[in-house]
Amino acid sequence: MKKLFISATVVASLLPAFALAESASLTVSGTIIPTACTPSFAGGSVVDLGKISAADLNADVQTELGLKNITLSMNCNGRVPVAVRVHDNQASTQLDGITIDGRAEKMYIYGMGAASGVKIGGYGLRHGTPTVDALAMSLMYQQGGGIGGPSWLEPSSTLVAKNASDGGYIHYSWGRSVAEGPSNGIIHTLPMTLVPVVRAASALPTGSDITLDGSATFELVYL
């Protein structure tokens, strides 16, 4: 299904009561783009970590489970630059205090569900090398309210950050260089490694199975 994005800006002026002019202006602007892209995950969008024995978990410190490689692909019907931003659908279950790739900031840790009111752990998304039409590119990001504001920057972390609940969007894109910015292409890929972590076993509920339940939405943004 083709996606149609129209942005509109409404501008008006509020005049003081004694002003003589009795008019107001309205400006509507937007862009209809002819190109559409379809995002998908190679191998499907479900990452199954399988059955994990509680006996294999560390009793007093976090346990890093087996890594899983995933690749986000974006196939477009024309040459365009794109970006993505990530929303954590289980942000309320993100566990404070766990560390992934040396980072403990909430922006890098995704929630992985809860059992009997106890948060299970979390996961990180370690980024690889993105490609555009099979050519390796440099990852870059912008942080702020929306595209087009600050310059593109090179990430300092190995992990893909998620968007803040207050609208602090983080857009990721890719190109030949940060200075040049995002590159046009038909097929864009962003490989990642999912790094799951479970809290100390002594803090988990016992007596029944515990279901790991992480969920994130990757939003495609046209540049």
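**Figure 1. Phenylalanine 218 is buried in this predicted model, with a relative accessible area of 16%.** A search of the whole structure finds 3 aromatic pairs. In one of them, the ring centres of phenylalanine 41 and phenylalanine 218 lie 5.3 Å apart and the ring planes meet at 80°, so the arrangement is edge-to-face. The two residues come from distant parts of the chain, 177 residues apart: phenylalanine 41 belongs to strand β1 (residues 37-41) and phenylalanine 218 to strand β14 (residues 216-222). Phenylalanine 41, at 23% relative accessibility, counts as partly exposed, whereas phenylalanine 218 falls under the 20% cut-off for a buried residue.

**Figure 2. Tyrosine 141 and tyrosine 172 form a tilted aromatic pair.** The distance is 6.3 Å from centre to centre, with 40° between the planes. This pair also links distant parts of the chain, its members being 31 residues apart. Tyrosine 141 is placed in strand β11 (residues 138-144), and tyrosine 172 in strand β12 (residues 169-175). Both tyrosine 141 and tyrosine 172 are buried.

**Figure 3. Lysine 162 is positioned over the face of tyrosine 110.** The view shows a charge over an aromatic ring, with lysine 162 at 5.4 Å from the ring centre of tyrosine 110.

**Figure 4. Cysteine 37 and cysteine 76 are joined by a disulfide.** A search of the whole structure finds 1 disulfide. The sulfur atoms of cysteine 37 and cysteine 76 are 2.0 Å apart. The torsion about their S-S bond is about 105°, so the disulfide is right-handed. Distant parts of the chain are linked here, with cysteine 37 in strand β1 and cysteine 76 in strand β3 (residues 68-80), 39 residues apart. Cysteine 37 counts as buried at 1% relative accessibility, and cysteine 76 counts as buried at 8%.

**Figure 5. Glutamate 180 and serine 183 both approach arginine 176 through their side chains.** Glutamate 180 lies in the loop between β12 and β13 (185-198), and serine 183 is also found in the loop between β12 and β13. A polar contact of 2.8 Å connects the side chain of glutamate 180 with the side chain of arginine 176. The side chain of serine 183, by contrast, reaches the backbone nitrogen of arginine 176, at 3.4 Å. Glutamate 180 is partly exposed, with a relative accessible area of 47%, while serine 183 counts as buried at 3% relative accessibility. The view also includes tryptophan 152, whose C-alpha atom is separated by 9.0 Å from that of glutamate 180. Along the chain, glutamate 180 and tryptophan 152 are 28 residues apart.

**Figure 6. The largest pocket holds about 990 Å³ of space.** Its lining is made up of 36 residues. Leu49, Ile52, Ile210, Thr211 and Leu212 are the lining residues that lie nearest the centre of the pocket. The elements that give two or more residues to this lining are β8 (121-127), β13 and β14.

Key
Residues are numbered from 1 along each chain as its sequence is written. This is a predicted model: local features need pLDDT of at least 70, side-chain atom pairs count only at pLDDT 80 or more; totals for chains, interfaces and linings use all residues. Side-chain values use heavy atoms; hydrogens and water are left out. Rings of Phe, Tyr and Trp (its six-membered ring) pair if their centres lie within 6.5 Å; planes under 30 degrees apart count as stacked, over 60 as edge-to-face and the rest as tilted. Helices (H or I, at least four residues) and strands (E, at least two) are DSSP runs, numbered from the N terminus. Buried means under 20% relative accessible area, exposed over 50%, partly exposed in between (1.4 Å probe, protein chains only). A charge sits over a ring if NZ of Lys or CZ of Arg is within 6 Å of the ring centre and within 35 degrees of the ring normal. A disulfide is a pair of cysteine sulfur atoms within 2.5 Å. A polar contact is a pair of N or O atoms within 3.5 Å; within protein, one must be able to donate a hydrogen and the other to accept it, and residues adjacent in sequence count only if both atoms are side-chain atoms. On a 1 Å grid over the protein atoms alone, a cavity is a set of points where a 1.4 Å probe fits but cannot get out, and a pocket is an open set with protein on both sides within 12 Å along at least five of seven lines; lining residues have an atom within 4 Å of a point. Grid points are joined across faces, edges and corners, and a volume is the space filled by probe spheres set on the points.
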